[in-house]
Amino acid sequence: MKKEAVGACSLGAASQFSANISNPLGASGLHHVALIASDYARSKAFYTHTLGCTVIAEEYRAARDSWKLDLAVPGGGQLELFSFPSPPPRVSRPEACGLRHLAIAVQAVKAAHTYLVSQGVMCEEIRLDEVTGKRFFFFSDPDGLPLEVYER
């Protein structure tokens, strides 16, 4: 069964559907995704060293006892990584309403899988998207946030 795109907020595939979707906000893309880490240093190392994000800015906010790290994602986009004292855990399984996962586009899915496994990251097997014919796999960040590598 073929799935069809529905809705006016398809930022990830905006170029594919731009002729058919109105843009009342004047959106030009997704600016950032914000994440809260339970262990700031561990997550900072994961996103910079393991995933290759680069630091744009980092600040400690004493009034909140919180770090804020702005990261540039290779290929475009930004992540904001925050720390807060004792954040509650995020429910990932069973899947809950809200953010499901973040997907990273790559040219070489197998090479990305091999690299992450070599870095000690537990990765699911590579699968094939029946709708697009693209390969993908899932893994998690240090706090269990589901991440996906998807073939461009």
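**Exercise 1. Helix H3 and its cover**

Task: state what covers the buried residues of H3 and which face of the helix they line.

Solution. Begin with the source. The model is predicted, so that local features need pLDDT of at least 70 and side-chain atom pairs count only at pLDDT 80 or more, while totals for chains, interfaces and linings use all residues. Residues are numbered from 1 along each chain as its sequence is written, and side-chain values use heavy atoms, with hydrogens and water left out.

- Find the helix. H3 spans residues 109-118; helices (H or I, at least four residues) and strands (E, at least two) are DSSP runs, numbered from the N terminus.
- List its buried residues. Val-109, Ala-112, His-113 and Leu-116 of H3 are buried, where buried means under 20% relative accessible area, exposed over 50% and partly exposed in between (1.4 Å probe, protein chains only).
- Look down the axis. The buried residues of H3 lie within an arc of 100°, so they line one face of the helix. The arc is that of the directions from the helix axis to the C-beta atoms.
- Identify the cover. It includes H2, strand S5 (102-106), strand S7 (135-140) and strand S8 (146-151), with contact meaning heavy atoms within 4.5 Å.
- Just after H3, Gly-120 has a positive phi of about 85°.

**Exercise 2. A partly exposed glutamate**

Task: place Glu-124 in the fold and list what it touches.

Solution. 

- Locate it. Glu-124 lies in the loop between H3 and strand S6 (127-128).
- Classify it. Its relative accessibility is 32%, so Glu-124 counts as partly exposed.
- Collect its contacts. Not counting residues up to four places away in sequence, Glu-124 touches Arg-93, His-113, Phe-137 and Phe-138.
- Compare sequence and space. Glu-124 and Phe-139 are 15 residues apart in sequence, with their C-alpha atoms 6.2 Å apart.
- Turn to one of the contacts. Neighbours within four places aside, Phe-137 is in contact with residues including Val-109, Ala-112, His-113 and Leu-116; Cys-123, Glu-125, Ile-126, Leu-147 and Val-149 are also among its contacts.

**Exercise 3. The sheet of four strands**

Task: give the strand order of the open sheet and describe each pairing.

Solution. 

- Write the order. It is S1-S4-S3-S2, with mixed pairing; two strands pair if DSSP finds at least two bridges between them.
- Take the twist. From one strand to the next it averages 15°; axes are lines fitted to C-alpha atoms, for helices over the stretch in contact, and angles run from 0 to 180 degrees between N-to-C directions.
- Pair S1 with S4. These strands run parallel and are joined by six bridges, and His-32 has Gln-78 as its bridge partner in S4.
- Pair S3 with S4. Here the sense is antiparallel, over five bridges. Ala-72 stands opposite Gln-78 in S4. The hairpin has five residues between the strands, and Gly-75 takes a positive phi near 90°.
- Pair S2 with S3. Seven bridges link S2 (residues 54-61) and S3 (residues 66-72) in an antiparallel arrangement. Glu-58 is opposite Leu-69, and Tyr-60 has Trp-67 as its bridge partner. Four residues separate the two strands of this hairpin, and Asp-65 in the turn has a positive phi of about 50°.
- Five of its six residues are buried, so S4 is largely enclosed by the rest of the structure.

**Exercise 4. The whole chain**

Task: summarise the secondary structure and burial of the protein chain.

Solution. 

- Count elements. The chain has three helices and eight strands, in the pattern α-β-α-β-β-β-β-α-β-β-β along the sequence.
- Take burial. Of the 152 residues, 28% are buried.
- Take contact range. Among contacts between residues at least 6 apart in sequence, 44% join residues at least 24 apart.
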